[in-house]
Amino acid sequence: MSAIDKDYLSYQQQLAARIRWFALLLFIPITLLTIFHGLIVEKYLMTGVFALSLVGFLLSFQAHQAHRGVLATQLFMASLYLIFLANVFINLGATSEVYYWILVLPIVNVFLNRFWLQIGWLALFLIPLLLPFPDKYLPLDSASYSGAAFALLAMTVLLLVVKEFFIKSELNLSEVNRELEYQQKIVDSSIPMLKITPDGKIIYASLAIAHLLGKGVNAIIGKNFAELGLISLSTDPKIWQQDRSNWEGILYIEMGAKSYWLDAVIKPEYNLFGEKSGFLLIAENITREQSLQNQANHDQLTGALNRRVFDEFIYQAVHEFQRHRDPICLVICDLDHFKSVNDTHGHLVGDDVLKAFYQVAKDGLRQTDLLARWGGEEFAILMPMTTQNEALAVVEKLRIKVESTHWPKQIQLTCSFGLCQLHERWEPKTWFEKTDICLYQAKENGRNQVVCFSQ
Ligand SMILES: Nc1nc2c(ncn2[C@@H]2O[C@H](COP(=O)(O)OP(=O)(O)OP(=O)(O)O)[C@@H](O)[C@H]2O)c(=O)[nH]1
């Protein structure tokens, strides 16, 4: 049996169960009412037949509840058949009642029964209508019965056609839906995606991005984009609000010991009225491509980003700044009198201090800040979306932290910082030189301090 045949049958069974349920809910009260009506107008035969049918309906209901679908249907059909026979042979007062059953019977028969049972029941319905009973036993004339038989046949054929069409189109639709769901699952688990409202709230996260972020989808939905810790030089959704174009760039995620690189596009989305309804982030995980480079991207001793990558980030930052003008700061820090650490305790202790310094500095910064080892005992920090005053507060805290940390061998370590916010029309080289001059001044002024750029 093909898959579609199986679907067809199970769908037909489900449909039959639903129809049977509704029919029972409908027929049980109708039959009850008819019994009372029969008792009132003293039609005892009619009352007896309907009472028997009621028993049939109740048994059918019980079988339905016990999930014995075929038995339930046959009991139901038999109960209806009793009522039908009463209408054919007993004058219940209204001649049109036979026609009423001719409408009801085919509906129930066609939708509840499989093909051969339908034929069997149809034959049973036709027998009392077509057999040449003497007219004196019948309440209607013979033309009415042959007319009813014809109507019953026509109605059955019509309903068969309708049902086939109905089920086939339903099945086709559900197959299309299933295919779509399947494709959606593949996309969801393989492509990192986010939907973000204009104010930065995440309303959809694909499984793939949840996996990269080391969180469940539900833990991401409802968060603000800025909280995810995706590092780029312009991660604030506010900047995209300004124009209609896509944002394209590289995002970097650090998850404990693991790190990922995403080549991302962030597209603004619009509603029917042309208003911005949010953003769609679609990314490609390029970590594998970067992994070889990754080793070349990090400093061997501390694990910090190295100068080569940091240089690239500085160039990117200057480029982004020309488009969006979001504040961004560069910090260069240099450990004070580090030579004496080496001279007193040896190079290996010096190495340990450098590693420990990287951790202390990293912990003191936001996830979106980039920390690199610039060379020797010098580190550089890039702080996107940060003004000079905001950066000063962070760096000052870091300076105090370095001063108060217990370093190996009870070394008293301090650090000097140069800090400079990027200005318009500055080249990367100018920005770096200005920051370096600040650092030089910090050293000149006696070390263990932060010097900010001023015009
Ligand atoms: N242990 C260790 N030392 C390093 C490393 N890279 C550079 N250094 C040392 O860092 C010291 C830097 O010394 P200087 O440039 O004179 O500066 P300083 O002693 O820190 O003095 P100021 O910067 O003026 O405060 C040198 O002794 C270098 O050997 C390294 O990877 N490991």
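First, the ground rules. The model is predicted, so local features need pLDDT of at least 70, side-chain atom pairs count only at pLDDT 80 or more, and totals for chains, interfaces and linings use all residues. Residues are numbered from 1 along each chain as its sequence is written.

Start with the record. An unreviewed UniProt entry annotates "transmembrane region" at residues 21-39, 45-63, 98-131 and 143-162. Such annotations may be inferred rather than shown by experiment, and feature names are shortened. In the model, residues 21-39 are 100% helix, with end C-alpha atoms 28 Å apart. Residues 143-162 are also 100% helix, and their end C-alpha atoms are 28 Å apart.

Now the strands. Helices (H or I, at least four residues) and strands (E, at least two) are DSSP runs, numbered from the N terminus. Strands pair if DSSP finds at least two bridges between them. E5 (258-270) and E6 (276-285) run antiparallel, joined by nine bridges. Tyr270 bridges to Lys276 in E6. Five residues separate E5 and E6 in a hairpin, and Gly274 in the turn has a positive phi of about 80 degrees. E6 also pairs with E1 (193-196), antiparallel, over four bridges. There, Met193 partners Ile282.

Last, the ligand. What surrounds it? The shell has 16 residues, and the closest are Asp336, Phe338, Lys339, Gly350 and Gly376. Near means a C-beta atom, placed from the backbone, within 6 Å. Strand E7 (328-335), helix H11 (338-345) and helix H12 (347-364) each give two or more residues. H12 gives the most, with four.
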